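Please examine the sequence and the three-dimensional structure shown here. The briefing that follows is arranged by topic.

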Amino acid sequence: MRDHNLKDLIFFLGPPLLILVIFVIYPIVGTIILSFMLGDTLTLENYREVLFETIPLKALIVTNPGTSPPWGALIHNMVWIVIAVPMVVILGMLLAYALRKTFGSSFILGTIFLGMVLPGVVSGLIIRFMFDADIGIFPRIFALFNVPLLSHTWTIYPQTALFALILGSIWLWLGFSVTLYSAGLDSIPSSLIEAALVDGASEREIFTKIIIPQLKPVTTVVILMTIMWVLKLFDIVYVVTGGGPGGASTVLALIMYMYFASSLEYNKAAAVSVILALLTLIPAYWYMKMVLSGEKQ
Amino acid sequence: MRWKKISLGQILFTLLLWIFAFLWLLPFVALVIMSIKPYTEVILQGWWNIGGNYTLKNYIEVLANPTYDFIGGLKNSLVVATISTMMPIIFAAMIAYSLNYLTFKGKTLLFVLILFFMSVPQQMVVIPLFNLYVKVGLYDKILGIILLHSAWGIPWIAFFLRNYFKMLPQSFVEAARVDGASESTIFFRILLPMSIPALIAASSIQFTWVWGDFFYAMVFLPTPSNYVITQRLALLKGEYHIDWGLLSAGAILAMLPPLLIYLSFKKYYVRGFVGWGLKG
């Protein structure tokens, strides 16, 4: 290895690091500081007010929640994760496995992946449309079965708005998980499966005893990435419901925007951002550890 | 007998998967149909009635009506997304090069920082940047949002390209150095040309993301003449009355550029996603 002189380092790292310092590092530090400021004093007041806010449109946690939303943005984000993550994992894995030997599988994969390509605003409009009482697919089907609660426009009723968004997000994000699982399946050595077949293992045993364990690293990545994606969701919520009706479908990223743009409470907006970032850091930390331990091997 | 039985089962199975794919695609199909039918027909007969009249009226209305100004939105988006794709690719490649081929103190720290920046939510940067932009005159300027998007793209592209550089044979860098080539020559003349598949993958994904951005645009571009296409489209949806014909035509126009990129570079695009998520 020859020694690199300072000139090379300045040439390669100077410009990009300068940009990162100005547009990423400085504002991150700035947001953290802002979140602790009230006037000229350092305080936890912003966090306290944001966390205990009771107006449903801005609440992170609703104090006496009913059986249907609004439950508060933080809870909505959690419900979203609890529903979407298992769906995305299970559907993605099964579908990738089923598509292995199917005619036209690359076309089907390409179709499912489309959701990943759409601008969020377009996705939002499609979700709004899928759950529209007059022309949407879901309400029309439930109308046939005479379920009144589910045959109206899902996105304008508090009981259904959040769940319409969650289902829509699964529709969008499945492409990510199927694609990763397909790549994961390709990398499982076929000798493993052949050996199991020789030993008389059934298709089901192969799936549960070989495929699922072999796919574990992929599953971890899918889970972590899905959690991060769900936490950061903004545009589909903004476009489809705007957090409504009555705060029944708010999420953290949207609350942050409301403090910022509607009520111009920058310190509170910063506090919500930090809460959101801390939550994102949990899966991110896990992911970073995975990447770094892969480095050492 | 046994062979026949399996193949029949497989045909049914394949059929089932195709039905699933069709259902998955159905919202897009509906969107296309609604965009080329008069809205009154859609309301009365449903978009699933393929018969009846077809018209390009919705598209013409969206493109020609100055209150919607879709042309302006498309133009702004094209400028923002194109420049915000090229800039971070170059800068990220320089970081990736340093991480792989240069020795310096704090290399691990830089790598960890890059991983950290990849996961930070957009909300974490807007308030201080908003204040800064107002002060220096970048607020409500296309340039301001281009700089932000470019910076925001650097971490993930650097990570992505670093992984790609790692897969390339390492000996050629040493060989070029022995021949007396400077680092910048190696970077521009040897490494970048070898990395074209990765550059295409990263560019396609970055372009799609910048094109689809709504949050940064809402914060930093408040004046209608500066609106990007996602803002234009969101505005098209009225608060109470929704004209789905108009809206679906608008949605299709807004998704066309990323869609075309995806279809043209599908192989790179999907591989890029896998590399981005899985590698490490």
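Leu252(A) is found in helix H12 (residues 252-262) of chain A; helices (H or I, at least four residues) and strands (E, at least two) are DSSP runs, numbered from the N terminus. This is a predicted model, in which local features need pLDDT of at least 70 and side-chain atom pairs count only at pLDDT 80 or more, while totals for chains, interfaces and linings use all residues. Residues are numbered from 1 along each chain as its sequence is written, and chains are lettered from A and ligands numbered from 1 in the order in which they are written.

- Leu252(A) is buried, because 26 other C-beta atoms lie within 10 Å. A residue is buried if 20 or more other C-beta atoms lie within 10 Å of its own, exposed if 12 or fewer, and partly exposed in between, with C-beta atoms placed from the backbone.
- Leaving aside residues up to four places away in sequence, Leu252(A) touches Ala73(A), Leu74(A), Asn77(A), Leu231(A), Val272(A), Ile275(A) and Leu276(A). Two residues are in contact if their C-beta atoms, placed from the backbone, lie within 7 Å.
- Leu252(A) and Ser273(A) are 21 residues apart in sequence, and their C-alpha atoms are 8.0 Å apart in space.
- The largest nonpolar core has 178 residues, of which Leu252(A), Leu254(A), Met256(A), Val272(A), Ala92(B) and Leu161(B) touch the most other members. Such a core is a set of buried Ala, Val, Leu, Ile, Met, Phe, Trp, Tyr and Cys residues joined through C-beta atoms within 7 Å.
- The contacts of Met256(A), not counting residues up to four places away in sequence, are Ala269(A), Val272(A), Ser273(A), Leu276(A) and Gln123(B).

**Chain A**

- Chain A has 13 helices and 2 strands.
- Of its 297 residues, 46% are buried.
- The C-alpha trace of chain A spans about 75 × 75 × 30 Å along its principal axes.
- Among contacts in chain A with a separation of 6 or more, 65% are between residues 24 or more positions apart.
- Helix H5 (residues 120-130) of chain A is largely enclosed by the rest of the structure, because 11 of its 11 residues are buried. Among them are Gly120(A), Arg128(A) and Met130(A).
- Tyr285(A) lies in helix H13 (residues 266-296) of chain A and is partly exposed, with 14 other C-beta atoms within 10 Å. The C-alpha atoms of Tyr285(A) and Leu224(A) are separated by 9.6 Å, although these residues are 61 residues apart along the chain.

**Chain B**

- Chain B has 14 helices and 0 strands.
- Of its 280 residues, 45% count as buried.
- The radius of gyration of chain B is 24 Å, whereas a compact globule of 280 residues would have one near 19 Å. This radius is taken over C-alpha atoms, and the globule rule is 2.2 Å times the number of residues to the power 0.38.
- In chain B, 76% of the contacts between residues at least 6 apart in sequence join residues at least 24 apart.
- In an unreviewed entry, UniProt lists residues 12-36, 78-97, 109-130, 142-165, 186-211 and 244-263 of chain B under "transmembrane region". UniProt positions are given in the numbering used here, feature names are shortened, and annotations may be inferred rather than shown by experiment.
- Residues 142-165 of chain B are 100% helix and 0% strand, with end C-alpha atoms 33 Å apart. Residues 244-263 of chain B are likewise 100% helix and 0% strand, with end C-alpha atoms 26 Å apart.

**Where the chains meet**

- In total, 70 residues of chain A are in contact with 66 residues of chain B.
- Helix H1 (residues 6-35) of chain A gives the most to the side of chain A that touches chain B, namely 17 residues.
- That side of chain A divides into 54 nonpolar, 11 polar and 5 charged residues. Ala, Val, Leu, Ile, Met, Phe, Trp, Tyr, Cys and Pro count as nonpolar, Asp, Glu, Lys and Arg as charged, and the others, Gly among them, as polar.

**Backbone details in loops**

- A cis peptide bond, with omega about 10°, joins Pro69(A) and Pro70(A). Pro70(A) is in the loop between helix H2 (45-51) and helix H3 (73-99) of chain A.
- Asn146(A) is a residue other than glycine with a positive phi, near 60°. Asn146(A) is in the loop between helix H6 (137-144) and helix H7 (161-186) of chain A, and it counts as exposed, with 8 C-beta neighbours inside 10 Å.
- Asp69(B), which is not a glycine, has a positive phi of about 40°. Asp69(B) is in the loop between helix H3 (57-64) and helix H4 (70-101) of chain B, and it is partly exposed, with 18 other C-beta atoms within 10 Å.
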